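Please look through the model below before reading the comments. They are kept to points that can be checked against the coordinates.

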Amino acid sequence: METDKNNSVTHTKYWSYSNFEKKRNSTFFSKVIKFLKNLINNRFLNKFGFEIKRKQSSLRLEQRSHTDNTQILSLRNDQIANFLIKFGSSYGIRFEKQEILNSIKLYDGILKEKKISDLNGGMGFNNGLFLFILFSHFQPKEVIESGVWRGFTTYLIDKAISKGSKIYCFDINLTRTEFKSEKATYYERDLSLVDDVDFSSVNFAFFDDHVSIYDRLQFCFRNKIEIVVVDDDVSLTQVHSDGWPPIPTASMLFNYDKIPKKFDWISNDISASADISGLKVDDICEFYSYIPFPKLKEYTGYTDTSFTSLLLKR
């Protein structure tokens, strides 16, 4: 495993781009454009009441569009609660309706607080809501979050868990973080490089770090972490949709006998290939139940974005 802090990526042995320099250069170019735009705005145009910006806002839809009508919200929330109660029951999770309704109301309030300036690159409204409901329901005492980005999910976790609970936050680059929790201890390095935390007392782990989910689940299995959520859990047929997929994903592990172990794809015109041969998946698959996140667009109107999954100790 090799970390690249400047580009906020981690290389693993399972897959690679055929021309990583091309990928890195395209990312670098977009960063330069953004830097120049901010420089011109801040140094010159803002002084005269002008700025360079996109014709249409680049913020996510949930930051730009919502309803405040109480009757509509009550109807929506009731539909979501009823749906999630049935969904949870099918996997042995016993949600209570009032508990879900309270969580939805709190979640709506969190979004209106606008603690994070830009939610792009995060989970999106629907998966964020279900994540918040899970943390509120299970009330873990010690949490791992790997992949902090701007801190939106840290804020959700902070608001959902009790005052005395702890969060261990890991990211190889914390320079973009806009929110930091008083419940959290921060580590600007990969989880695998930390040896001063007793992970065996952690009862909930959340991974949104684009690092091999297989490696992360091996870590969770060794430490007997009972509840795990993995973001960007792309399947074999979806792998091209993610610029830095966390291969092998949970979807691949739980379908391991049915899929090819060597495969190729093209992402933004750049070729990539993977080899996930010889994985030991039995212990993970026997220890955890695999539960893809529910689709909520029908009720919220917001697109289901990243592929996120819950793994529960059987």
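1. Basis. This is a predicted model, in which local features need pLDDT of at least 70 and side-chain atom pairs count only at pLDDT 80 or more, while totals for chains, interfaces and linings use all residues. Residues are numbered from 1 along each chain as its sequence is written, and side-chain values use heavy atoms, with hydrogens and water left out. Helices (H or I, at least four residues) and strands (E, at least two) are DSSP runs, numbered from the N terminus.

2. Sheet. Three strands make up an open antiparallel sheet, in the order β3-β10-β9. Two strands count as paired if DSSP finds at least two bridges between them. β3 (15-17) and β9 are the edge strands; each has a single partner, so one side of each lacks a neighbour in the sheet. On average, neighbouring strands of this sheet are turned by 20° against each other, direction ignored; the axes are lines fitted to C-alpha atoms, and angles run from 0 to 180 degrees between N-to-C directions.

3. Strand pairing. Six bridges join β9 and β10 in the antiparallel sense. Opposite F263 stands A274 of β10.

4. Positive phi. N268, in the loop between β9 (262-267) and β10 (270-275), is not a glycine but has a positive phi of about 50°. N268 is exposed, at a relative accessible area of 62%. Here buried means under 20% relative accessible area, exposed over 50%, and partly exposed in between (1.4 Å probe, protein chains only). K114, in the loop between α4 (97-113) and α5 (125-138), has a positive phi near 55° and is likewise not a glycine. K114 counts as exposed because its relative accessibility is 60%.

5. Cis peptide. The bond from I247 to P248 is cis, with omega near -5°. P248 sits in the loop between β8 (227-230) and α8 (250-253).

6. Pocket. The second largest pocket holds about 400 Å³ of space. A pocket is an open set of points on a 1 Å grid over the protein atoms alone, where a 1.4 Å probe fits, with protein on both sides within 12 Å along at least five of seven lines; lining residues have an atom within 4 Å of a point. Of its 22 lining residues, E62, H66, D108, L111 and K112 lie nearest the centre. The largest share of the lining, four residues, comes from α4.

How values were computed: Points joined across faces, edges and corners; volume = space filled by probe spheres on them.
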